[in-house]
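Have a look at the model first, and then read on.

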Amino acid sequence: FHLICKGDYVRCSTVRKVVRESSTGSVQSSKTRMNLTIEVQKIEYEPGASAMRVTGKNREENPHVKLGSMHTLELELNRDFTLW
């Protein structure tokens with residue numbers, strides 16, 4: 001967990017709840033898998049679970065997530081991610 005610092009960029013696959021509103025006003029929500037790139041602002045590490053959560057702002061355009069929206073990525077063993 002000492003490899004990732006505030007200000008780094010992390011990209012990985014994640015699931016996010018997407019809410020869609022129709023022209024009639026009805027709301028429909030679903031969980032969608034997508035790749036997000038965030039600028040790290042907060043790092044949490046759980047040694048017992050061998051998992052790390054990184055929280056930050058979305059830095060890449062996505063049809064479901066606005067630029068600058070906050071998101072938390074869950075980094076786990078045997079799960080690919082890109083760090084720069």
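## Strand S3 and its partners

Keep in mind that this is a predicted model. Strand S2 (residues 27-46) pairs with S3 through eight bridges, in the antiparallel sense. As an example of how they line up, Lys42 faces Thr55 in S3. The hairpin of S2 and S3 has four residues between the strands, and Ser50 takes a positive phi near 50° there.

S3 also pairs with strand S4 (residues 70-76): the two run antiparallel and are joined by seven bridges. Here Ala51 stands opposite Glu76 in S4. Is S3 enclosed or open? Because six of its eight residues are buried, S3 is largely enclosed by the rest of the structure.

## A closer look at Arg53

Arg53 belongs to strand S3 (residues 51-58). Is Arg53 buried or partly exposed? Its relative accessibility is 22%, so Arg53 counts as partly exposed, since buried means under 20%.

Leaving aside residues up to four places away in sequence, Arg53 touches several others, including Lys42, Ile43, Thr72 and Leu73. Glu46 is another of its contacts, and the side chains of Arg53 and Glu46 are joined by a polar contact of 2.8 Å.

## The aromatic pair

The structure holds one aromatic pair. The ring centres of Tyr9 and Trp84 are 5.9 Å apart and the planes are at 15°, so the pair is stacked. The pair links distant parts of the chain, 75 residues apart: Tyr9 lies in strand S1 (residues 9-21), while Trp84 is in the segment after strand S5 (81-83). Tyr9 is partly exposed, with a relative accessible area of 26%.

Note on methods:
Residues are numbered from 1 along each chain as its sequence is written. This is a predicted model: local features need pLDDT of at least 70, side-chain atom pairs count only at pLDDT 80 or more; totals for chains, interfaces and linings use all residues. Side-chain values use heavy atoms; hydrogens and water are left out. Buried means under 20% relative accessible area, exposed over 50%, partly exposed in between (1.4 Å probe, protein chains only). Contact means heavy atoms within 4.5 Å. A polar contact is a pair of N or O atoms within 3.5 Å; within protein, one must be able to donate a hydrogen and the other to accept it, and residues adjacent in sequence count only if both atoms are side-chain atoms. Rings of Phe, Tyr and Trp (its six-membered ring) pair if their centres lie within 6.5 Å; planes under 30 degrees apart count as stacked, over 60 as edge-to-face and the rest as tilted. Two strands pair if DSSP finds at least two bridges between them.
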